[in-house]
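This report goes through a protein chain part by part. Please keep the sequence and the picture at hand while reading.

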Amino acid sequence: MTKLKAVITGIGVYVPDYILTNEELSKLVDTSDEWIMTRIGIKERRILKGEGKGSSDLGVEAVNQLLKKTGTSPDEIDFLICATVTPDMLFPATANIISDKVGIKHAFSYDINAGCSGFLYALITASKFVESGLYKKAIVVGSEKMSAIVDYTDRATCPIFGDGAGAVLLEPTTEEFGIIDNMLQSDGYGRIYLHQKAGGSVKPPSYETIDAREHFIYQEGQPVFKAAVLNMADISVAIMERNHLKSEDIAWLVPHQANMRIIEATSRRMGLDPKKVMINIDRFGNTTAATLPLCLWEWEPRLKKGDNIILTTFGAGFTWGAAYVKWGYDGEKQETGSRKYET
Ligand code: UT7
C-alpha cells in the first residue's frame, strides 16, 4: 500500500477588530510601552468584544475563510479538531460548536487542550488520521478568547495575551510533502507555575473563588520563561538533527509567540538567520493555540512548495514540541483574500 503523508493545503485566520494598545493597558495597570516592548516584545493585541461571543465565534470566521479560500464544501470535511484553553463552555467541545455553526454535518469533532502547544498537538493528531487513509479532509483550528481569562488588574500577565483564531486544511498526499516528523513532550509538574486555579472539578466556581480572582490565568513568569527557552530550543535542535537538517536547509521557523526573548533564544540555538523567523507577536501578542496558524497565514504568500519549515511550541502543562514540515504549495498562487491584518 502507498504510504500517505498529511499535507496542509490552505490556511484561514481571524482576529477581532478591537486593538488593545500598550498605552491603553498602562491606564489599567502600572506598566509602560517601554517595559512591555523590552521584556516581551508586544505592541498591541486584539480583543473580542461583544456579549455572548466566545472562542467558537473566532474559530467560525477562520474556518469559513479557509473553506472559501480552498473551495471546500462543509460536506467534504471528515473531522475537525479544535485546540483551545478558552472553550465556549466546559462541554460540549468548542469543535462541536464550530462544526455546527459552519454547517459541517458529516464529521466528528473534538477539542484538544495542550496549552500554547495545542495547535501543534492537534495538527499531529489529525495528521495520523489522515495518514491512515480513512479520512480525506480534516480541519485543525486553534481558537482563543484569552481576554476571557486574563486578569486586567495583574500587570504580570495582562500584557501578554490576545484573542484570535487560525485554521488549516489537512489532506493526504502520496508525495514527499507535508508533516514529515514530529516530537511532542509534556511534564505535568509545570502546572504549578501556570494554571487556572478554579472552575474545574477540584475547585468549582463559588463566591470565594470569584472574590479571590481564581478564574484568571495564574503564571509565575520566570520559571515558565526558563523552561520555555530550554525546551523549545532543545526540541527544535533535536528535530533538526534527527532529520539531518542544517540551519541553511531550513526556510522558515514558526515559533510559538510568547515572548520575543524566547523566540530569539530558540532561533539562535538553531543557528538561524533572523530573517527566517516568523514573528508577529508585536501585533497579536500570545494568542495561545492560534499563534502558529496566524504566522503561517501571514507568511503564506512567501512560502514555496518544498520549503523546509520547523514549527515549535511551549505552553501550559508544561507541553512542548516541534514538527518538521515540507511545505506543500506555492503560497503566492493561492487566492488569499484580504490581508487586512498586515501593517
Ligand atoms: O505561552 C505560555 C507560556 N508562557 C510564557 O512563555 C511566558 C514566559 N515568561 C515570560 O515571558 C516573562 O517571565 C514575563 C514576560 C511574564 C515577565 O518578564 P520577566 O523579565 O521574567 O519579569 P519578572 O516577572 O522577573 O519581573 C521583573 C520586574 C518585577 O519587579 P521587581 O520585583 O523587580 O521590582 C515585576 O514586578 O518587573 C515587574 N513587572 C512589570 N513592570 C512593568 C512585571 N510585570 C510588569 C509590567 N510592567 N507589565
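## Charges over rings

Over the ring of which residue does the charged end of K49 sit? The ring belongs to Y18, and the charged end of K49 is 4.4 Å from its centre. The model is a predicted one, and the values in this report are computed from it.

A second case of this kind involves K197 and Y218. Here the charged end of K197 sits over the ring of Y218, at 3.9 Å from the ring centre.

## Aromatic pairs

A pair of aromatic rings is described by two values, the distance between the centres and the angle between the planes. The number of aromatic pairs in this model is 12. One of them is formed by F79 and F108: the ring centres are 4.9 Å apart and the planes meet at 10°, and because planes under 30 degrees apart count as stacked, this pair is stacked. F79 belongs to strand β4 (residues 79-83) and F108 to strand β5 (residues 108-112), so the pair links distant parts of the chain, 29 residues apart. F79 has 0% relative accessibility and therefore counts as buried, while F108, at 26%, counts as partly exposed.

Another pair is made by F129 and Y135. Their ring centres lie 5.6 Å apart with the planes at 90°, so this pair is edge-to-face. F129 is partly exposed at 27% relative accessibility, and Y135 is partly exposed at 24%. One aromatic cluster takes in F79, F108, Y110, F129 and Y135.

## Helices α3 and α4

Helix α3 (residues 55-70) and helix α4 (residues 94-102) have axes that come within 9 Å and cross at roughly 50°. The two helices are therefore oblique to each other. The crossing of α3 past α4 is right-handed.

Which residues make the contact between α3 and α4? On the α3 side they are S55, S56, D57, G59, V60, V63 and N64. On the α4 side they are T94, I97, I98, K101 and V102.

## S99 and I104

S99 is part of helix α4. With 6% relative accessibility, S99 counts as buried, because the cut-off for buried is under 20%. Apart from neighbours within four places in sequence, S99 touches L80, I104 and S109. The C-alpha atom of S99 is 29 Å from that of M278, a residue 179 places away along the chain.

Is I104 buried or exposed? I104 has a relative accessibility of 5%, so I104 counts as buried. I104 lies in the loop between α4 and β5. Leaving out neighbours within four places in sequence, the contacts of I104 are P74, I77, L80, S99 and I139. The C-alpha atoms of I104 and A156 are 40 Å apart, and the two residues are separated by 52 residues along the chain.

Helix α7 (residues 221-242) packs against helix α8 (residues 260-269) at an angle of about 30°, and the axes are 9 Å apart. Angles under 35 degrees count as roughly parallel, so α7 is roughly parallel to α8. The crossing of these two helices, α7 and α8, is right-handed. From α7, the residues F225, A228, V229, M232, A233, D234, S236 and V237 meet R261, I262, A265, T266 and R269 of α8.

How many residues of helix α10 (residues 291-299) are buried? The count is 9 of 9, and the helix is described as mostly covered. Among the buried residues of α10 are W297, E298 and W299.

## Backbone details

Two peptide bonds are listed here as cis. The bond from F91 to P92 is cis, with omega near 0°, and P92 lies in the loop between β4 and α4. The bond from G317 to F318 is also cis, with omega near -5°. F318 is placed in the loop between β12 (308-315) and β13 (319-326).

R213 is not a glycine, yet its phi is positive, near 55°. R213 sits in the loop between α6 (207-211) and β10 (217-219) and is partly exposed at 39% relative accessibility. H244 likewise has a positive phi near 55° and is a residue other than glycine. H244 is in the loop between α7 and β11 (252-255), and at 67% relative accessibility H244 counts as exposed.

Note on methods: Residues are numbered from 1 along each chain as its sequence is written. This is a predicted model: local features need pLDDT of at least 70, side-chain atom pairs count only at pLDDT 80 or more; totals for chains, interfaces and linings use all residues. Side-chain values use heavy atoms; hydrogens and water are left out. Rings of Phe, Tyr and Trp (its six-membered ring) pair if their centres lie within 6.5 Å; planes under 30 degrees apart count as stacked, over 60 as edge-to-face and the rest as tilted. Helices (H or I, at least four residues) and strands (E, at least two) are DSSP runs, numbered from the N terminus. Buried means under 20% relative accessible area, exposed over 50%, partly exposed in between (1.4 Å probe, protein chains only). A charge sits over a ring if NZ of Lys or CZ of Arg is within 6 Å of the ring centre and within 35 degrees of the ring normal. Axes are lines fitted to C-alpha atoms, for helices over the stretch in contact, and angles run from 0 to 180 degrees between N-to-C directions. Angles under 35 degrees count as roughly parallel, over 145 as roughly antiparallel, 65 to 115 as roughly perpendicular and the rest as oblique. A crossing is left-handed if the near helix is turned anticlockwise from the far one by less than a right angle, and right-handed if clockwise. Contact means heavy atoms within 4.5 Å.
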